[in-house]
Amino acid sequence: MHVREVDPRDTTWEQDDATYRACFWDRSTMAADTYEVTGADVEEVMAWVRAKARETGSSHTLYVRVTDEGRPGLVRLSGVAGDPFA
């Protein structure tokens, strides 16, 4: 982990609400369930993701959905990186 102090004025926008994407990976069946989550902060979403992963016995990846030059994409926040079935 690398930490450095920054000037908070180096960005041009911020948004108070986010859209999250949660993927749950069942390696035994090579299947995934994916959900979109809105109306919650990251702590609430993480609590839900961890509880659901425990309940289903699956691994997970949590993303935040962002837009770059008008194109939607995902930024991984926690969980499995890369191909979970590899």
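1. Two strands count as paired here if DSSP finds at least two bridges between them. In this predicted model, strand β1 (residues 19–26) and strand β3 (residues 59–68) pair in the antiparallel sense, over seven bridges. If you want a spot to look at, Y20 has V64 in β3 as its bridge partner.

2. Now for the whole sheet. Four strands form an open sheet in the order β2-β1-β3-β4, with antiparallel pairing. Because β2 (31–37) and β4 (71–79) each have a single partner strand, they stand at the edges, and one side of each is left without a neighbour in the sheet. From one strand to the next, the twist averages 25°.

3. Helix α1 (residues 42–56) packs on this sheet and touches β1, β2, β3 and β4. Its direction makes about 15° with that of β1. The length of α1 also checks out: at 1.5 Å a residue, its 15 residues should span 21 Å, and its end C-alpha atoms are 21 Å apart, which agrees.

4. Which residues of α1 are buried? They are V45, M46, V49, K52 and A53. These residues cover an arc of only 135° around the axis, so they lie on the same side of α1. The buried residues of α1 pack against β1, β2, β3 and β4. On the face turned away from that buried side, you will find the exposed residues E43, R54 and E55.

5. Finally, have a look at both ends of α1. At its start, a side-chain oxygen of D41 comes to within 3.1 Å of the backbone nitrogen of E43. Just after α1, G57 adopts a positive phi of about 70°.

Definitions and conventions. Residues are numbered from 1 along each chain as its sequence is written. This is a predicted model: local features need pLDDT of at least 70, side-chain atom pairs count only at pLDDT 80 or more; totals for chains, interfaces and linings use all residues. Side-chain values use heavy atoms; hydrogens and water are left out. Helices (H or I, at least four residues) and strands (E, at least two) are DSSP runs, numbered from the N terminus. Axes are lines fitted to C-alpha atoms, for helices over the stretch in contact, and angles run from 0 to 180 degrees between N-to-C directions. Contact means heavy atoms within 4.5 Å. The expected span of a helix is 1.5 Å times one less than its number of residues. Buried means under 20% relative accessible area, exposed over 50%, partly exposed in between (1.4 Å probe, protein chains only). The arc is that of the directions from the helix axis to the C-beta atoms. A polar contact is a pair of N or O atoms within 3.5 Å; within protein, one must be able to donate a hydrogen and the other to accept it, and residues adjacent in sequence count only if both atoms are side-chain atoms.
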